[in-house]
Amino acid sequence: MIKQKNKILRIIGIIMVFCGISVLGLFAYRKISREIYLRSLLEDNINFEIPCLEIKVPVLEGTDDKNLAVSAGHFPETGELGSGNYCIAGHNSTIYAEIFNDLDKIKIGDEMYLIDADENRTKYKYTVTEYKIVLPYDVGVLEDFGDDRLTVISCTDDGKYRQVVVGTFVGKYRNE
């Protein structure tokens with residue numbers, strides 16, 4: 001009787017280990033697949049970087065759920081690279097793409113870059129001039145202010161508000 005119980009427990013244990021390894025393998029596969037996809041997006045699209053926060057993400061056109069699940073998104077009909085108010089958004093979340101989880105650590109004077117997908121990978125440099133928290137429905141940050149700036153928007157950690165980082169355009173350079 002005891003031998004039969006031990007045998008059943010051993011079989012259950014083996015099944016549990018197999019299930020655990022399968023679940024871990026699935027998560028590893030998803031992580032690796034997402035990383036490969038992210039690398040291809042970085043090669044084919046505009047990139048956004050904040051070196052001091054070790055942020056480097058592709059910027060896709062549009063801010064729909066599909067784009068924001070894997071990258072930052074450019075708000076349609078806002079500025080161009082180096083011109084107007086170029087506005088992007090990205091998630092601050094452990095559930096979705098963990099793009100802007102450290103955005104609240106940014107400081108005035110930090111550098112941000114947009115890197116064009118052109119053959120020269122032209123680099124547009126911005127210096128952070130403002131950090132603020134706004135209500136989720138405050139879309140005034142997307143307006144054209146008559147200058148050349150980069151506006152980065154993400155939710156706060158609790159998701160109740162939006163953090164907004166504004167950078168003033170400094171110049172463009174050939175990326176080396």
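A: Helices (H or I, at least four residues) and strands (E, at least two) are DSSP runs, numbered from the N terminus. This is a predicted model, in which local features need pLDDT of at least 70, side-chain atom pairs count only at pLDDT 80 or more, and totals for chains, interfaces and linings use all residues. Residues are numbered from 1 along each chain as its sequence is written, and side-chain values use heavy atoms, with hydrogens and water left out.

Q: Where does Glu-77 lie?

A: Glu-77 is found in the loop between S3 and strand S4 (85-89). Its phi is near 65 degrees, a positive value in a residue other than glycine.

Q: Is Glu-77 buried or exposed?

A: Buried means under 20% relative accessible area, exposed over 50%, and partly exposed in between (1.4 Å probe, protein chains only). Glu-77 has a relative accessible area of 84%, so it is exposed.

Q: Which loop holds Glu-54?

A: Glu-54 belongs to the loop between S1 and S2. Although Glu-54 is not a glycine, it has a positive phi of about 55 degrees. Glu-54 counts as exposed because its relative accessibility is 76%.

Q: In which sense do strand S2 and strand S3 pair?

A: Two strands pair if DSSP finds at least two bridges between them. Strand S2 (residues 55-61) and strand S3 (residues 72-74) have three bridges and pair in the parallel sense. Glu-61 stands opposite His-74 in S3.

Q: What runs S1-S2-S3-S4-S7-S8-S6-S5?

A: That order describes a closed barrel of eight strands, with mixed pairing.
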